[in-house]
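Visitor: I have a new structure open and would like to go through it. Can we start with a helix and the charged pair in it?

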Amino acid sequence: MVTIVGVRFRCAGKIYYFNPGEEQIARGTSVIVETARGTEMGTVVLPNKEVEDDSVVQPLKPILRIATPEDFAVVKANKEKEKTAYKICQEKIARHELEMKLVDVEYTFDGNKILFYFAADGRIDFRELVKDLASVFKTRIELRQIGVRDETKMRGGIGICGRSLCCSTYLSDFIPVSIRMAKEQNLSLNPTKISGVCGRLMCCLKNEEETYEYLNARLPSVGDLVAAKEDGTQGRVQSVNVLRQLVKVMVSLEGDEVEVREFPAEELEVIAGGKRSRNRAENQVSGKEEAAEHPEVKESKLSHRRQGARREAGESRKEPEGRKNRNQNRSRGQGEHSSRERGVRERSQSEHHQNERHQNEHHQNERHQNERSQSERHQSERSQGERRQSERSRRERGQKGRRGTDVSAD
C-alpha cells in the first residue's frame, strides 16, 4: 500500500497523485508540487489515502510545500501577465494572417514557460509566430492546439438547462456519447435539441443511459402484440411510459370497437414483436438485453419462435397443389428463359466468329495486294534495267562501226 493525495490544477481538470510524505493534508489545501512542466500550484481534492501499488505510476513526485501568501501573490501576478500576453499574441496572429483562434494563455508558476491554447480547423504553420513571441517574452513558448470540446471546457458557459456546463464544473474527462443514447431515451433527434454549446452531442446523455436501458428492457415496444396475464386480453401496444413502467394497449372489442387500456408492464407478456422491437434488438447488444429481460417474456418469445419454426416446417412438408403448379410454371418459365438466353448467346458467338473471319479475309486480301504491287514494281524495275542495257549495247556497237569506217577511209 502507498499513501497518496490527489491534486487538481484546473477547475474540473484531471486529478494527479503525489506523495504527501509525513504530512496530513486536508482537502481544499493549496500546495506547491513539481510536475513535468515545472513548479506549479494546485488544490488538493483527495486527502491522504492508501491505495494499491499497482494503481499508481511509480515513482510518485513529492509535494514540495503548502502554499504561502507569497505563492498566492506570484499566482496573482501571473494572472495579470496572462492578460497582457493574450493581447500581444492576438496582435501577432493578425500580423501573420494565421487562421487560428486564441483560446487561453497560461503561465507556469515559476514563469519558465508560457502556454498558448488555440483552436483551428486544420494544421497551422506557426513557426514564425513562436519566434516573434519568444523575442517579446524572452522565455520558452509552447503553442498547443485543442478541440471544440476543450475550448468550451476552458471558456465555460450556460447550457440549455440553465445551469453551468457539465464539462466546466465537474466532468474531468470527456466520455464517449452516441446517437443511440438519445434514441434509448426517446429524445428528439433534432441536432439543435441534443447538441451542446460546443456543437457536439451533450455529455449529459450519458448520465441516465444505464437506467433507461434497464427500464426499456422490461417494456414491450410500440406495435408489439401483447396479452394480459390475468384475463388473456390481447392488443397492440400504442405507447409506453418508461419511468412509470405503464403500457397503453389498443384492445379490440365486439362490433369492431377499439378501446385503449393501461396496464403495468409486469402484468403483460409479449406474443409477437413488431418492427420497432426487432430493430431495437438488432441495435442493442444481445447479451445485455437478454440478461435484463423478464424470464417469462423471454420464454414466451422462445415458444413463439418454436411455433413459427414448426409451422414453416409443416408447410414445407405439405405443399398445396396451387403452390406446386406455381412452382412448375415458374420452373418452366425459367427453362424457357434459359433456352432463350442460350440461343441469344449462341447467335452472338456465331456473329463474333463471322466478324473475325471477315477481318482475316480482309487482312489476307491486303497482304496479296501488297505482294502483287511489290512484284509488279520489281518487274518494271527489271524491264527498265534491261532496256538501259540494250540501249547501252546498241550505242557501243554504233560507236565501233563509226570507228571502223573512219579507219577504212584513211
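Visitor: How far apart are Glu151 and Arg155 in helix α3?
Guide: This is a predicted model. Glu151 and Arg155 sit four residues apart in helix α3 (residues 148-155), so about one helical turn separates them. Glu151 forms a salt bridge with Arg155, and their closest N and O atoms are 3.6 Å apart.

Visitor: Why would two such side chains pair?
Guide: Side chains of opposite charge can pair when their charged atoms come close.

Visitor: Is Glu151 buried or exposed?
Guide: Glu151 is buried, because its relative accessible area is 9%, under the 20% cut-off. Arg155 counts as partly exposed, at 45% relative accessibility.

Visitor: Take Arg10 and Glu106. What is the distance in their salt bridge?
Guide: The distance is 3.0 Å, N to O, between the side chains of Arg10 and Glu106. This pair links distant parts of the chain, 96 residues apart. Arg10 lies in the loop between β1 (2-8) and β2 (15-18), while Glu106 belongs to strand β6 (residues 101-107).

Visitor: And how accessible are Arg10 and Glu106?
Guide: Arg10 is partly exposed at 34% relative accessibility. Glu106 counts as buried, at 16%.

Visitor: How many salt bridges are there in the whole structure?
Guide: A search finds 15. One of them joins the side chains of Arg144 and Glu142, at 2.5 Å from N to O. Arg144 is partly exposed, with a relative accessible area of 32%, and Glu142 is partly exposed too, at 22%.

Visitor: What about Leu143? Where is that?
Guide: Leu143 is in strand β8 (residues 140-145). Leu143 is buried, with a relative accessible area of 14%.

Visitor: What does Leu143 touch, leaving out residues up to four places away in sequence?
Guide: Leu143 touches Met100, Phe116, Phe118, Phe126, Leu129, Val130 and Leu133.

Visitor: And how far is Arg127 from Leu143, going by C-alpha atoms?
Guide: Their C-alpha atoms are separated by 9.8 Å, and the two residues are 16 apart along the chain.

Visitor: Now the surface. Which residues form the positive patch?
Guide: Arg387, Arg388, Arg392, Arg394, Arg395 and Arg397 form it. Arg397 is found in helix α11 (residues 321-409). Arg397 is exposed, because its relative accessible area is 55% and the cut-off for exposed is over 50%.

Visitor: What makes up the nonpolar patch of about 240 Å²?
Guide: Met250, Val258 and Val260 make that patch. Val260 is placed in strand β12 (residues 258-264) and is partly exposed, with a relative accessible area of 44%.

Visitor: Let's zoom out. How many helices and strands does the protein have?
Guide: The secondary structure comes to 11 helices and 13 strands.

Visitor: What share of the residues is buried?
Guide: Of the 410 residues, 27% count as buried. The accessible surface comes to about 28,600 Å², and 47% of that belongs to carbon and sulfur atoms.

Visitor: One last thing: what share of the contacts between residues at least 6 apart in sequence join residues at least 24 apart?
Guide: That share is 57%.

Key. Residues numbered from 1 in each chain as written. Predicted model: local features only at pLDDT ≥ 70, side-chain atom pairs only at ≥ 80, totals over all residues. Heavy atoms only, no water. Patch = residues over 30% accessible without salt bridge, like charges linked within 9 Å, V, L, I, M, F, W, Y side chains within 5 Å. Areas by Shrake-Rupley, 256 points an atom, 1.4 Å probe, with all protein chains shown as cover. Salt bridge = Lys/Arg side-chain N within 4 Å of Asp/Glu carboxyl O. Lys, Arg positive; Asp, Glu negative; His and termini not counted. Charge placed at Lys NZ, Arg CZ, Asp CG, Glu CD. Helix = DSSP H or I, 4+ residues; strand = E, 2+ residues; numbered from the N terminus. Buried < 20%, exposed > 50% of the residue type's maximum accessible area, 1.4 Å probe, protein only. Contact = heavy atoms within 4.5 Å.
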